[in-house]
Amino acid sequence: MRTLIVTAFVSLDGVMEGPGGEPGYRNSGWTFKDVEFDEAAYEIKGREQTETTALLLGRTSYEAFAPVWPTMEEFAEYNAMPRYVVSTTLEQDDERWPATILRSLDDVAALKETEGGPIAVHGSATLGRNLADAGLVDRYHLLTFPLLLGAGKRLWSDADKDTTKLKLVEYEAYGNGIQKQVFDVVK
């Protein structure tokens, strides 16, 4: 079974919306506007490219990334790996960044059963919450920023569900206040 990893930049209060400057969110760009850059804190992002073998995205993130990521040299490994987008409304993939369209969480569960290495979920707040609620997430790679952003799309759902236990398998704190936390979901 393939490992499904949700990777996110997240504020201390759980917001993951607009970390890179995406339009439409009042705190957009909070990862670089409000916290001093420390290259060491982003080591895990480079490692993710070499350790994962496929990308899984929600429609909104896919439509935001498709026009940009293919032109970015720092994402060369992501651009070379298979991509999947979960959507009930997307009619076709973007030819600039081809992807296989999955229509349901059952399709994601079936993908996890295939041969291959880990699958990374980037951005995709709604998809990440739905995957967690369905018990499909195996690991979280979090860079937690020392910010309280208030309103915004959150990493965690507010569904009334049983406790999900996590095991901290890697962590580090950086001088700028960012914390790296890698959790395995205890099943």
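## The loop holding S124

In this predicted model, S124 sits in the loop that runs between strand β5 (119-122) and helix α6 (125-133). S124 has a relative accessible area of 6%, and because a residue under 20% is classed as buried, S124 falls into that class. The backbone angle phi of S124 is near 55°, which is a positive value in a residue other than glycine.

## The loop holding S87

Another serine, S87, belongs to the loop between β3 (83-86) and β4 (100-102). With a relative accessibility of 4%, S87 also counts as buried. A polar atom of the S87 side chain lies 2.8 Å from the backbone nitrogen of L90, and, when residues up to four places away in sequence are left aside, S87 touches R59, I101, L102 and R103.

## The sheet

Strands of a sheet pair through backbone hydrogen bonds, and they can do this either parallel or antiparallel. Here 8 strands make up an open sheet with mixed pairing, in the order β4-β3-β2-β5-β1-β6-β8-β7. At the edges are β4 and β7 (166-173), each of which pairs on one side only, and from one strand to the next the twist averages 25°.

Strands β6 (residues 139-145) and β8 (residues 179-185) run antiparallel and are joined by 6 bridges; across this pair, Y140 stands opposite F183 in β8.

## Helices on the sheet

Helix α5 (residues 105-112) packs on the sheet, where it touches β1 (4-11), β2 (54-58), β3, β4 and β5, and its direction makes about 120° with that of β4. Helix α6 packs on the sheet as well, touching β1, β2, β3, β5 and β6, with its direction at about 105° to that of β2.

How values were computed: Residues numbered from 1 in each chain as written. Predicted model: local features only at pLDDT ≥ 70, side-chain atom pairs only at ≥ 80, totals over all residues. Heavy atoms only, no water. Helix = DSSP H or I, 4+ residues; strand = E, 2+ residues; numbered from the N terminus. Buried < 20%, exposed > 50% of the residue type's maximum accessible area, 1.4 Å probe, protein only. Polar contact = N/O pair within 3.5 Å; in protein donor to acceptor, adjacent residues only side chain to side chain. Contact = heavy atoms within 4.5 Å. Pairing = 2+ DSSP bridges. Axes fitted to C-alpha atoms, helices over the stretch in contact; angles between N-to-C directions.
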